[in-house]
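Here are my notes on this one, as numbered points. Have the model open while you go through them.

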Amino acid sequence: MPELLQYPRPEQADKIDKLAADERSSRDKAIALLWDYYAGNHRQSLKVRPGDANDNVILNMDRIVINQAVSMLFGQPPSFETDLVTDTPEEDLLAQIWQQNQAPLLLHNIGLIGSVTGHVFIKVLPPSKKGSVPRFVVLDTAKITAFWKPEDRTTAVLYSIAFSTQEYE
């Protein structure tokens with residue numbers, strides 16, 4: 001992910017897009033390879049001569065390890081307690097948010113995407129109507145580029161989300 005020496009001004013949007021596109025292109029390939037490995041599409045380690053049997057045996061340990069790690073990480077969805085004695089409206093609201101967002105599936109997807117790609121980005125959508133709850137959407141990691149401070153790679157200063165319209169035509 002690219003470094004950013006200063007916060008961009010609106011007129012610098014093209015430069016930011018160019019930096020992000022260059023980085024995203026190489027990262028797209030890496031993420032596609034990681035998903036291929038998770039799916040069991042590994043590179044064959046032994047060369048196969050024409051006319052000989054293929055002695056390559058591929059055991060997809062990636063999927064086994066990742067699935068086990070995700071199961072251990074999110075065995076049960078967390079519960080929330082704001083008051084140890086009584087149930088509070090906040091606790092009820094948090095329980096409703098988890099239920100509406102299908103917490104077990106949401107957490108599984110967060111763990112899976114994070115384990116395979118190394119990053120997870122979640123978009124929080126505001127309630128669509130009065131009385132509803134916020135919605136959590138797990139974003140495609142390949143579509144997001146983070147820019148950080150050159151002197152501190154743990155501090156992100158800008159996130160860029162880009163979608164290709166060609167994918168939907």
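1. Start with the contact at Glu-91: the backbone nitrogen of Thr-82 sits 2.6 Å from a polar atom of the Glu-91 side chain. (A polar contact is a pair of N or O atoms within 3.5 Å; within protein, one must be able to donate a hydrogen and the other to accept it, and residues adjacent in sequence count only if both atoms are side-chain atoms.) Keep in mind that this is a predicted model, where local features need pLDDT of at least 70 and side-chain atom pairs pLDDT 80 or more, while totals for chains, interfaces and linings use all residues. Numbering runs from 1 along each chain as its sequence is written, and side-chain values use heavy atoms, with hydrogens and water left out.

2. Glu-91 belongs to helix α3. (Helices, H or I of at least four residues, and strands, E of at least two, are DSSP runs numbered from the N terminus.) Glu-91 is buried but has no salt bridge, and Lys-130, the nearest side chain of opposite charge, is 23 Å away. (Buried is under 20% relative accessible area, exposed over 50%, partly exposed in between, with a 1.4 Å probe and protein chains only; a salt bridge puts a side-chain nitrogen of Lys or Arg within 4 Å of a carboxyl oxygen of Asp or Glu; Lys and Arg count as positive, Asp and Glu as negative, and His and the chain ends are not counted.)

3. Have a look at Gln-102 too: not a glycine, yet its phi is positive, about 50°. Gln-102 is in the loop between α3 (89-100) and α4 (103-117), and counts as partly exposed because its relative accessibility is 48%.

4. How many aromatic pairs are there? The count is 3. (Rings of Phe, Tyr and Trp, the last by its six-membered ring, pair if their centres lie within 6.5 Å; planes under 30 degrees apart are stacked, over 60 edge-to-face, the rest tilted.) One of them is Trp-35 with Tyr-38, edge-to-face at 5.8 Å centre to centre and 90° between the planes. Both residues lie in helix α1 (residues 13-39), 3 residues apart, or about one turn of the helix. Trp-35 is partly exposed at 30%, whereas Tyr-38 is buried at 8%.

5. Phe-121 and Tyr-159 also pair edge-to-face, with 5.9 Å between centres and 70° between planes. Phe-121 is in the loop between α4 and β1 (122-125) and Tyr-159 in strand β4 (residues 152-161), so this pair ties together parts 38 residues apart in sequence. Phe-121 is buried at 14% relative accessibility; Tyr-159 is partly exposed at 49%.
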